[in-house]
Amino acid sequence: MKKFSATTPIYYVNAKPHLGHAYTTIISDAVCRWHKLCGEEVHLLTGTDEHGLKIQQFADAEGVSPKQFCDKIAPLFADAWQRLNIDVSDFIRTTEERHKVGVQKLLQACYDAGDIEVDTYRGHYCVACEAYYTPEELDNGKCKIHNTKAEYVEEENYFFRLSRYEEKLLKWYADHPDAIKPDHRVNEVTGFIKQGLRDFSVSRKTLTWGIELPWDKSHVAYVWFDALANYITAHGYGTDEKQFAANWPVDYHFIGKDIIRFHSVYWPAMLM
Ligand SMILES: [Zn+2]
């Protein structure tokens, strides 16, 4: 039987589900239902993104542990998809053991390949985005998405050497011109890569709410590295290699435009 497999973004549990989450998830479900009507075996993966500084801060504000905070919010997403009659095949939470094992395997693989190295980060960070920005990417020191001030931070981090992947990524997009839809987004991504890629931090030393780096337990994984890996950990990477080989890659990643850089630059480089 022909297979069709798709993913939604995993949603950050800092707040209850809203219309934006529902929009992406309903579209994903509609496309999956079309493939089902065509007689295909369909898999739709969704879930929740539960680590990172922002979750720690929300939990602190409520006076509960981050795990307690996530345990309260994550079921609201599962419940929302049930009420909207979304046909979910798998719901992954990044606090699950299967995910932790897979993330650590991916981190170790990148480290062993020489693509993760220790360095010092100095610059601005938007906690709401959980992302670093250069001064040029900010508007008067404020994040353009959140209109809030990005904090100056300086700390020892492990870095993923994304800068080594410029040529490989450009070649890959040249060979796969249909990889991103709509078409103008391909230009956005390749334009961004051509400007030159900066290495990105994959660890935090000042945070404990996350997945420990397997070779240095004083650091936890950067939440985006952790979150993106859900697409493979849910399919058995690190825990069930047979299942993984049978089900990876998936056909579609449904995403929103604000997270295109993470999915179209970071993620393929991490997979490479
Ligand atoms: Zn932001």
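A residue counts as buried under 20% relative accessible area, as exposed over 50%, and as partly exposed in between (1.4 Å probe, protein chains only). With that in hand, welcome to a predicted model, where local features need pLDDT of at least 70, side-chain atom pairs count only at pLDDT 80 or more, and totals for chains, interfaces and linings use all residues. Residues are numbered from 1 along each chain as its sequence is written, and side-chain values use heavy atoms, with hydrogens and water left out.

**The zinc site**

- Four residues coordinate the zinc ion at 2.1 to 2.3 Å: Cys 126 (SG), Cys 129 (SG), Cys 143 (SG) and His 146 (ND1). Donors here are N, O and S atoms within 2.8 Å of the metal (3.2 Å for Na, K and Ca); water is not among the atoms, so sites may look incomplete.
- The arrangement is tetrahedral because the four donor atoms subtend angles of 99 to 117 degrees around the zinc ion.
- For comparison, the ideal angle at a metal with four tetrahedral donors is 109.5 degrees.
- Along the chain, the donors of the zinc ion follow the spacing C-x2-C-x13-C-x2-H.
- Cys 126 sits in strand S5 (residues 116-126) and Cys 143 in the loop between strand S6 (131-133) and strand S7 (151-160), so this pair ties together parts that are 17 residues apart in sequence. Helices (H or I, at least four residues) and strands (E, at least two) are DSSP runs, numbered from the N terminus.

**Cysteines and their surroundings**

- The structure holds zero disulfides, a disulfide being a pair of cysteine sulfur atoms within 2.5 Å.

**The overall fold**

- Ten helices and twelve strands make up the secondary structure of the protein chain.
- The protein chain has a radius of gyration of 18 Å, close to the 19 Å that the globule rule gives for 272 residues, so it is as compact as a globular protein of that length. That radius is taken over C-alpha atoms, and the rule is 2.2 Å times the number of residues to the power 0.38.
- The C-alpha trace spans about 55 × 50 × 40 Å along its principal axes.
- Of the 272 residues in the protein chain, 48% are buried.
- Of the contacts between residues at least 6 apart in sequence, 75% join residues at least 24 apart; a contact means heavy atoms within 4.5 Å.

**Backbone details to look for**

- Lys 181 and Pro 182 are joined by a cis peptide bond with omega about -5 degrees, and Pro 182 is in the loop between helix H5 (166-175) and helix H6 (184-194).
- Another cis peptide bond runs from Trp 248 to Pro 249, with omega near 5 degrees. Pro 249 lies in the loop between helix H9 (241-247) and strand S12 (252-253).
- Glu 130 is not a glycine, yet has a positive phi of about 55 degrees. Glu 130 belongs to the loop between S5 and S6 and is buried, at a relative accessible area of 3%.
- Asn 140, also not a glycine, has a positive phi of about 55 degrees. The loop between S6 and S7 is where to find Asn 140, which counts as exposed at 79% relative accessibility.

Key:
Tetrahedral: all angles 85-135°; square planar, octahedral: opposite > 155°, others 65-115°.
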